[in-house]
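Hi,

Here is the structure I promised you, with a few notes on what I found in it. Have a look when you get a moment.

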Amino acid sequence: MSDPEVKARLAARFREVNGDHPMTADDDAYVTAWFTDLEALCRATGRDADQVRRLMLAGRLPLPGYLRSDGAEMVPSDLFGLAEQAGGPDALEGWFLAHWDDQTTAREEWAAYLDGQYVCLRSVTPRNIQCKDALVTAIEAAPTEPDAGTPAWTRRLHALVDELDALEPPFTAYDRLRFAGPVSRDRCVDAVRARHPRDA
C-alpha cells in the first residue's frame with residue numbers, strides 16, 4: 001500500500017513545478033490514453049511505487065507528466081528506460097548530460113527532464129530532445145529563407161513539420177495552461193500546415 005505522505009509530497013512537488021490547474025474530463029481521457037498509471041507500471045515491472053516516488057523527489061527520476069483528477073500519477077510507459085540504459089538511477093544524470101557538448105544546455109535539458117515536462121515527446125530520449133529542438137528551430141526560421149514561399153521551400157517545410165509531428169503526441173488543454181500558451185504542436189505543426197498548405 002502506498003505511503004500517503006510520500007504520495008502527497010510528490011503531488012505538492014508536481015504542482016510547484018506545473019502550477020495548480022484543473023484537469024478536465026477530456027484531459028483525464030487524454031492522459032489515460034497516452035500515459036500509464038505509476039502504480040500499475042511499478043506492479044508490471046516489479047518495482048516499489050513509493051521507492052520510485054522517493055527517487056523522483058530526490059531528482060534521480062523524472063516527476064510524473066500529469067496528475068489525473070483522481071490523483072493518479074501518470075507517467076510514460078518507458079519511464080525507466082533511460083535509467084536502465086544508463087546503468088541505474090545513480091548513473092542516469094552523467095549518462096544524460098554526456099549527450100550534449102554544451103554543458104549549460106545539457107543542464108537545462110536535465111532540469112526539464114526531471115520536471116517531467118517532456119510530455120511533448122512520444123518517447124523521451126536525449127536524441128529525441130535534440131531532434132525536436134532542431135526541428136522547431138528550423139521550422140521557425142523557414143520564413144526567412146531566400147526561397148520562402150516557393151514549391152521547393154514548401155516541400156522542405158512540410159518534411160520538417162511531418163518529422164516533428166511524428167515525434168510529438170497531440171497534447172491536451174491542460175498543457176496549454178501549464179505552459180502558459182500555445183505548445184510546439186500548435187505553433188510548428190498545426191499553424192504551419194494551415195498557413196502553408198501542401199502543394200496540390
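The side chain of Thr172 makes a polar contact with the side chain of Asp27, at 2.6 Å (a pair of N or O atoms within 3.5 Å, one able to donate a hydrogen and the other to accept it; residues adjacent in sequence count only if both atoms are side-chain atoms). This is a predicted model, where local features need pLDDT of at least 70 and side-chain atom pairs pLDDT 80 or more, while totals for chains, interfaces and linings use all residues. Residues are numbered from 1 along each chain as its sequence is written, and side-chain values use heavy atoms, without hydrogens and water.

Thr172 sits in the loop between α9 (151-167) and α10 (173-178), helices being DSSP runs of H or I with at least four residues, numbered from the N terminus. Thr172 is buried, with a relative accessible area of 7% (buried means under 20%, with a 1.4 Å probe and protein chains only). Setting aside neighbours within four places in sequence, Thr172 is in contact (heavy atoms within 4.5 Å) with Asp26, Asp27, Tyr30 and Tyr66.

Now the domains: the assignment, automatic or from a database, gives domain 1 (1-119) and domain 2 (120-199).

Best wishes

Technical notes. Helices (H or I, at least four residues) and strands (E, at least two) are DSSP runs, numbered from the N terminus. Buried means under 20% relative accessible area, exposed over 50%, partly exposed in between (1.4 Å probe, protein chains only).
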